[in-house]
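Here are my notes on the fold, for reading beside the coordinates. Please keep the viewer open as you go.

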Amino acid sequence: MLIGLGNSLCIEGLQKEDSKQMQQLWQCGSFLQMESSKCEHFQARTLKFAEGEKSTTVVKESQLLRDKKEFYQAISNFKSSDCLFPTDMALNLRQKQTECIIRMLNLNQPLNATGTANEEVYKILIYDKFCQNILSPLIHVKDLRKHGVTLYFLIDKDRKPVHDVPAVYFVQPSQVNVRRIVTDASRSLYDSLHLNFSSSIPRPLLEDLASGTLNSESVDKISKVHDQYLEFVTLEHNLFSLAQKSCYVQLNDPSAGDREIEEIVEKVASGLFCVLATLAFVPVIRCPSGGPAEMVASVLDQKLRDHLLSKNNLFTEGGGFASSFQRPVLCIFDRNFELAVGMQHDFRYLPLVHDVLGLKLNRLSVPGEKGGMRSYELDNSDPFWVANGFLEFPEVAVEIETQLNKYKKDVDEVNRRTGGTDGAEFDGTDLMGNTKHLMNAVNSLPELTERKQVIDKHTNIATVLLGEIKERSLDSYAKKENDMIVRGGIDRNELLGVLRGKGTKMDKLRFAIIYLICSESINPSEVEAIEISLRESEVDTCAFQYVKKMKSLNVSLASANPASRSNIVDWAEKLYGQSISAVTAGVKNLLSSDRQLALTRTVEALMEGRPNPDVDSYLVFDPRAPKSSSGTSSSHLKGPFKEAIVFMIGGGNYMEYGSLQEFAQRQQPVKHVVYGTTEILTGIEFVEQLTVLGQKMGLGSAMTSPAPAH
């Protein structure tokens, strides 16, 4: 392919450089999973510039294939002791993304056993805001230092030249970023530029990069260009977000045209492709028929098919035995599947911290005991957070007290043995014994200090939470919403009592909308009383009116005869966009008697693979199967599955994440479920999106803006 840039430009079209562990399934009594030898697989685009007279572009494919002798040796050495437990399953997304980032920080060189490059190179890291959010939950400053990063900057900030030092760029493939890279190269800010794009850079942008650096005579500054396929944010081992804002509004906007909807669907499918590329697995895809879920599934299926046509693809390691025996299932839903959960109050610790205190990227700031704000990090490095994140808040308070008492007891024991308190057993005649006690005390100090810091952190967070709970009666909201959903309604006096009681404007609006959704039928007098009560509290009712309109359309659709049903659907979809499809589904799509979310029950049914009327109609997409069979319910693709990726289009939350993890841990043997979403929303943020839709439809009142998130 000729570009014609004047000077000679040679582009080696390599695939993304990526080294991932390949999982093999064997039949040894039952299916056993072993971790085979690492399989080196390079997939990156590399630019090499050379001087010459002819203007040509040479595109060349290259790949490091696995050593077959080593592979078959792994097979012959297989023993049942090599089996992996569910905690070591292949779907450890956080670990795999972190490994990709560390390799990127080491100039995409192979890493040694210590997780660093053999040759240490000091470098500068340049990123944009989106990629900063990708790095933030995974990489700390000490990690950057470990891998030779001495300075780090946002790409849009003014930067001074740092000569004789390479720079690692990690940015989205956008026109703005490419122009800035060309400017940096032309100014010779750094010795060399190692470019890493969060997703595949389109050909036009690659050509802009090439022509820009050639015109500025800075082609020699560009070392390599890599497509990293890391355009998602991993918050926990089993939780990720595509960080795509306002997706629910965009998909349900009544003024959105087909082109806008297709662009959003393409963006979501591209994000999911990045997740699957990092995991190196091609899953079986299941989704309900119709709506955004089917649209995304269909586009993703085609993306995977197109990519698999190449021998040097990102999923070479996922082939072989793994694809023959057991693959994960990707279950795709959209927010309208279970609308109420998006705004429901939860009384468990992690959802409370997120909803009330505004946990973002595993960080939050709360008022300190002595004034000012204290910033905390809450992630897998915090043992208390990991162990107690999904306990009810009162249980967490008890656990904090228990840990504090245990800490005090351990401190007293150290003091007693070293003579720090009255009655200490310190005997001056036993010098060796006393020295041993002192050494043990010194060695225990770091651990005791760390425990005290964790206890102080959660004591402060719990204290702030308790103040909000009391002021807003959040415990009452959580209990009444659960009861209302289970029973399918609530007493009128009790309903109005909540709306006239404690709580912010947004608390009351969320409660009113949940009532509207879970009620089997709409009582006009009760709805009017709710609206009066909300207006008395000066609440913007746009979101309430929007859900009421969708509810009435669904009722009309359900009661319509077949002849008029299609007309209602056509009219509603033209007027209200995508939201006509199952905005509300009564009690069935809320909580069952054991308070298990409908999403969790559906995922359980899909993973079991047994005949079930709730999921028998779900579509099946297998990118590895012939195209003609895609979308049909092939029996061999229905499970059972040991691993699942559950993806929610239009915004997810920690309530669904916690419910899925509890389900996975209850199974025997334990299953592995990864939860992902277009963005993680608090109840307030989701209702604000409903408010925007209501305003676009000219519904409700706009007396006041929604209450800000805490």
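1. **Ground rules.** This is a predicted model, in which local features need pLDDT of at least 70, side-chain atom pairs count only at pLDDT 80 or more, and totals for chains, interfaces and linings use all residues. Residues are numbered from 1 along each chain as its sequence is written, and side-chain values use heavy atoms, with hydrogens and water left out. Helices (H or I, at least four residues) and strands (E, at least two) are DSSP runs, numbered from the N terminus.

2. **The five-strand sheet.** This open sheet runs β8-β7-β9-β10-β11, with parallel pairing. Two strands count as paired if DSSP finds at least two bridges between them. β8 (149-154) and β11 are the edge strands; each has a single partner strand, so one side of each lacks a neighbour in the sheet. From one strand to the next the twist averages 15 degrees. Axes here are lines fitted to C-alpha atoms, for helices over the stretch in contact, and angles run from 0 to 180 degrees between N-to-C directions.

3. **Pairings inside that sheet.** Strand β7 (residues 123-127) is joined to strand β9 (residues 167-171) by four bridges, and the two run parallel. Leu125 stands opposite Val168 in β9. Strand β10 (residues 193-197) and strand β11 (residues 222-227) also run parallel, joined by five bridges. His194 has Lys224 in β11 as its bridge partner.

4. **A crossover.** β10, helix α6 (residues 203-215) and β11 build a right-handed β-α-β unit. Right-handed means that, with the strands pointing away from the viewer, the path from the first strand over the helix to the second runs clockwise.

5. **The seven-strand sheet.** The order is β12-β13-β20-β19-β15-β14-β18, in an open sheet with mixed pairing. Which strands stand at the edges? They are β12 (233-236) and β18 (619-621), each with a single partner strand, so one side of each has no neighbour in the sheet. Neighbouring strands are turned by 20 degrees against each other on average, direction ignored.

6. **Pairings around β13.** β12 and β13 form a hairpin with two residues between them. Three bridges join these antiparallel strands, β12 and β13. Glu236 stands opposite Leu239 in β13. Strand β13 (residues 239-241) also pairs with strand β20 (residues 672-677), in parallel and through three bridges. There, Leu239 has Tyr675 in β20 as its bridge partner.

7. **Helices on the sheet.** Helix α22 (residues 654-666) packs on the sheet and touches β12, β13, β19 and β20, its direction making about 170 degrees with that of β20. α8 lies across β13, β15 (329-334) and β19 (643-649), at about 160 degrees to β19. Contact means heavy atoms within 4.5 Å.

8. **α8 with α9.** α8 and helix α9 (residues 291-308) pack at about 55 degrees, with axes 9 Å apart. They are therefore oblique. The cut-offs: angles under 35 degrees are roughly parallel, over 145 roughly antiparallel, 65 to 115 roughly perpendicular, and the rest oblique.

9. **α2 with α8.** Helix α2 (residues 93-105) and helix α8 (residues 258-279) cross at roughly 85 degrees, their axes coming within 9 Å. α2 and α8 are therefore roughly perpendicular. Leu93, Lys96, Gln97 and Cys100 in α2 meet Val275, Thr278 and Leu279 in α8. By class, the residues of this contact are four nonpolar, two polar and one charged. Nonpolar covers Ala, Val, Leu, Ile, Met, Phe, Trp, Tyr, Cys and Pro; charged covers Asp, Glu, Lys and Arg; the others, Gly among them, are polar.

10. **Backbone details to check.** Most residues other than glycine have a negative phi, and most peptide bonds are trans. The bond from Gln668 to Pro669 is cis, with omega near -5 degrees. Pro669 sits in the loop between α22 and β20. Ser188 has a positive phi, near 55 degrees, and lies in the loop between α5 (175-186) and β10.
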